[in-house]
Amino acid sequence: MTAFEQLQQKLHEIFQLDKRELDFGIYRIMNLKADEIAHFIDKDLLSQVKTELAGYAAQENKDIQAELNQALETAKNLGVDPETSPKVVELRKKLATAGSATSAEIEIYSHLYNFFKRYYCEGDFISQRRYKDGVYALPYEGEEVKLYWANADQYYIKSGENFTNYTFKVGPHTIRFEVVNATTEQNNNKETKERRFNLVAENPVRIENGVYIVSFSYLPDPENRKQNEINAIIGQTLLNNPILTPCKALLAAIPAKSKINVLAKHLNTFTEKNTSDYFIHKNLGKFLRQEMDFYIKNEIMHLDDIEAETAPKVESYLAKVKVFRKIADKIITFLASLEDFQKKLWLKKKFVLETNYCITLDRVPEKLYAEIATNEAQRKEWVKLFAIDEIGQDTTHTGYSEPLTVEFLKENPFLVLDTAFFSAEFKYELLACIDDLDKNCNGLLIHSENFQALNLLQEKYREKVQCIYIDPPFNTGNDFYYKDSYQNSSWLSLMYDRIKKSTTFLTKAGNYFLHLDENANCFGKMLLGKVFNTGEIKEIIYNTNSTKDEENDLFGYKSFGNNFVLKHQTIFHIQFPESFFRKLWKPNRNTTTLPIGWLDLISESKHYQAKSISDFNFYVEMWSNGALIKKQIIIDEKIFPISDLWNDIFSFTQSEMRVSESFSFLASQKPENLMRRIIQSTLLPEELILDFFAGSGTTLSVAHKLNRRWLGVEMGRYFETTYIDFEKNEEKVGLLGRLKYTLKGDKRITFNEMVRRPHLSKDINWNGGGFFKYIRLESYEDTLDNLVFTDRTQNQADLLQDPTLKQEYMLNYMLNLETKDSLLNIANFNQPFDYQMRITRNGETKTVPVDLVETFNYLIGLQVESVLKIDNILRLEGRTRTGEKTLVLWRDTTKTDYEALNKWFQEHYDSTKTYDWDVIYVNGDNNLENVRTDKETWKVRSLEKEFLKRMFATQEA
């Protein structure tokens with residue numbers, strides 16, 4: 001392979017032109033322009049090396065020849081034999097050894113290949129700042145201690161569930177790829193052989209609930225083969241597997257315009273999604289240009305040796321440097337435009353795809369009960385979750401019936417209604433009956449990758465959150481996806497940007513908790529120190545094996561390992577100078593007679609400076625007559641302040657906890673009393689807590705029971721009301737289901753023969769009630785999958801005939817200009833309730849509606865006070881985070897034109913001038929009477945312009 005071909009192949013790999021069979025994400029976008037990009041690289045860009053070098057070589061020869069002619073003439077004039085003249089001899093030798101374009105061209109191709117090869121690794125540019133062989137340069141800014149990792153200047157984007165679950169359909173058949181065996185790097189020791197996907201040795205294919213399950217391992221390959229080689233073997237093995245016979249023909253079919261069969265396409269997609277594209281560089285152009293300077297000084301110019309070189313050699317170096325820099329800079333510009341485009345898509349605020357509410361019936365107007373009673377989908381969920389079909393009739397109670405009766409609903413006020421089972425009209429009618437909607441909503445649950453959720457919510461909740469608690473992946477290697485050889489740096493990149501973005505949510509009196517174990521706590525503490533410039537990092541040691549009998553756990557499954565028994569995790573607590581904190585106390589749990597169950601005592605100081613127990617009043621929080629009250633406790637025994645060693649919160653290792661509290665759907669589930677302690681020490685009732693690694697939902701459930709408002713983010717499949725645990729092939733309660741149980745009262749739960757009796761609900765006399773909102777967001781993958789290139793105008797096509805303009809367009813503008821309408825199509829705002837996009841879930845691609853209304857509320861940070869739909873116009877009233885009194889009007893402009901809008905406004909408001917709105921947003925063109933609010937802005941504003949501006953406004957982590 002020639003140097004040119006080697007470089008050409010590497011650039012095709014970097015620009016992902018060698019994976020045309022992949023039809024997802026950025027690969028699909030690049031494939032649409034593959035021929036044009038390949039032609040530009042091969043014919044237009046790399047050919048410039050020859051052109052540039054030819055000019056330098058020709059000029060060099062011309063200059064030497066001119067100097068030689070002058071020397072010959074001088075020798076003749078002096079009567080000296082020219083061929084004996086030292087000057088002539090030197091110049092003839094110089095001319096003979098002058099650089100040829102061909103050799104220099106090969107050298108430039110080799111340098112370009114080596115430069116880009118050293119940083120590119122399976123879809124990502126790894127920021128290894130090489131100074132020379134074996135020596136790296138780190139960006140040091142005078143810190144006393146520096147925390148740095150290989151991907152510190154990149155966004156971690158591996159946010160999907162493809163690693164453990166990849167589903168696709170062929171005809172009527174559903175096939176799921178699952179990883180059941182994977183190794184992880186231990187103690188940061190890199191595997192000598194790279195991990196590869198392969199079929200498990202025994203029973204790789206099985207059928208469960210009508211789904212074909214294909215089980216994979218992800219282990220180092222003894223033969224160190226490429227993944228595509230293994231995929232070819234896997235494909236043939238699966239096609240020969242008798243279990244897959246019913247779908248063999250469909251899997252073996254080769255679609256039109258494809259060179260591989262359907263099974264091979266999905267195998268390649270599955271393995272590629274999980275081995276590449278883990279990161280997006282925050283500033284790839286700047287990084288590569290810095291590295292290019294290093295490379296030139298150390299690999300081309302050889303600065304260490306340049307003093308010994310002759311002037312002609314130095315000139316040769318400079319010529320090659322100029323050509324290398326010119327071509328490399330253009331490649332960098334092209335790469336940076338692609339990476340910046342992906343960064344733009346990553347940082348874009350994501351659409352809300354679905355908005356629904358869960359609300360107990362005691363908060364629903366009785367005028368809606370008749371419609372609720374006849375809703376079959378809602379009735380079936382109540383039977384499944386709450387076993388209402390077991391409620392019998394007697395002389396004082398109405399029994400279960402089909403359909404349900406209004407009387408039955410009245411007698412069961414804590415049944416949880418989910419608006420997902422009802423029409424949009426019903427939802428709007430329900431919301432219209434709730435005053436000060438957002439203020440009275442107890443919580444918000446978001447189904448989304450957490451970076452994207454934080455990105456969308458930041459305007460509304462900036463400096464509104466009193467406490468943040470997160471229990472993230474512990475960096476075990478099995479709990480998140482990481483790039484081979486970069487486990488720790490992948491984890492640090494995952495955590496850094498999300499923690500940093502979440503800090504803007506905290507109030508000045510806020511507290512931050514980060515819960516980790518021994519796999520990551522050393523990194524976690526340093527990471528918090530890097531993110532928080534102020535604040536004190538305290539450590540809480542949580543005994544994960546705590547029982548009533550301190551020695552009982554010595555006979556557990558951990559007892560016989562060849563090591564000290566692991567019994568703790570670490571909770572880092574960030575306190576700031578103004579952080580709110582309440583002192584908690586506890587009795588001796590084994591001997592106490594205080595009527596507090598497993599609760600802590602909350603103290604209130606009687607004096608400015610309390611110095612003894614008698615200087616405090618003590619109470620516990622309990623529910624009484626529908627309100628959370630302070631129940632004072634008289635202390636007649638010895639009590640102790642809660643320290644930073646928590647060995648009195650009983651864990652799931654003892655049977656009482658497993659029976660009373662465990663949902664058995666996440667190994668990382670935390671005891672409710674753990675969260676109760678954190679919440680009561682740092683939040684007052686109705687204050688807000690955020691958990692953006694919500695997991696099993698303990699934080700959210702406990703906050704709700706304690707009358708604290710909550711925000712929760714989770715992306716796993718267990719987000720749903722119920723979900724299928726494929727490993728155990730059984731249905732389990734999901735996060736949404738747990739919160740529905742919480743609203744129902746959370747006293748006794750029976751589901752699939754699992755009985756749960758939460759201890760906290762009993763201790764605080766929680767009986768149920770309340771409501772929360774849950775939303776689902778567009779994912780980064782959805783954004784990529786909805787990109788469409790628009791056809792170029794004739795004017796654009798004509799301009800691109802000019803080579804200079806074409807190069808500028810390809811390098812800097814093509815991706816942004818030709819895809820902008822697929823990111824946000826303002827024209828479709830004329831019918832905002834019909835806006836749609838394509839999403840892929842569980843192997844199925846479908847078109848779903850986009851909730852532009854809810855998306856805009858978060859973009860402008862609107863605290864919604866009322867929602868009302870009147871005469872085809874949806875009206876929202878509220879205030880922004882900065883206090884602006886805001887009116888938002890949404891309409892289908894094909895049904896409500898200028899005149900109809902003006903008439904509607906006159907009927908409901910005096911005028912835009914006299915009514916005391918600070919700002920009014922209206923979609924579509926309108927001629928509402930307007931007025932300037934100050935020198936810069938108008939009261940009535942274009943909703944579309946504001947939407948566009950805020951959706952793409954970036955605040956990088």
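Buried residues are those under 20% relative accessible area, exposed residues those over 50%, and partly exposed residues those in between. The views below show a predicted model.

**View A. Cysteine residues in a structure with zero disulfides.** Cys358 takes part in no disulfide, and the nearest cysteine sulfur, which belongs to Cys441, is 10.0 Å away. Cys358 has a relative accessibility of 0% and therefore counts as buried. For Cys522 the relative accessible area is 45%, so this residue is partly exposed: the value falls between the cut-offs of 20% and 50%.

View B. Because its relative accessibility is 1%, Gln154 counts as buried. A polar atom of the Gln154 side chain lies 2.4 Å from the backbone oxygen of Phe125. The side chain of Gln154 is also joined to that of Asn151 by a polar contact of 2.9 Å. When neighbours within four places in sequence are set aside, the residues in contact with Gln154 include Phe125, Ile126 and Ser127. Phe279, Ile280, His281 and Lys282 are likewise among the contacts of Gln154, as are Ser493 and Asp497.

**View C. The hairpin formed by strands β9 and β10.** Strand β9 covers residues 205-208 and strand β10 covers residues 211-220; the two pair in the antiparallel sense over four bridges. Within this pairing, Ile207 stands opposite Tyr212 of β10. Two residues lie between the strands of the hairpin. In the turn, Asn209 has a positive phi of about 50°.

**View D. An open sheet of five strands with antiparallel pairing.** The strand order is β22-β21-β20-β19-β23. At the edges are β22 (627-632) and β23 (639-641), each of which pairs on one side only. On average, neighbouring strands of this sheet are turned by 40° against each other, direction ignored.

View E. Pro587 has Ile639 of β23 as its bridge partner.

Definitions and conventions: Residues numbered from 1 in each chain as written. Predicted model: local features only at pLDDT ≥ 70, side-chain atom pairs only at ≥ 80, totals over all residues. Heavy atoms only, no water. Pairing = 2+ DSSP bridges. Axes fitted to C-alpha atoms, helices over the stretch in contact; angles between N-to-C directions. Buried < 20%, exposed > 50% of the residue type's maximum accessible area, 1.4 Å probe, protein only. Polar contact = N/O pair within 3.5 Å; in protein donor to acceptor, adjacent residues only side chain to side chain. Contact = heavy atoms within 4.5 Å. Disulfide = S-S within 2.5 Å.
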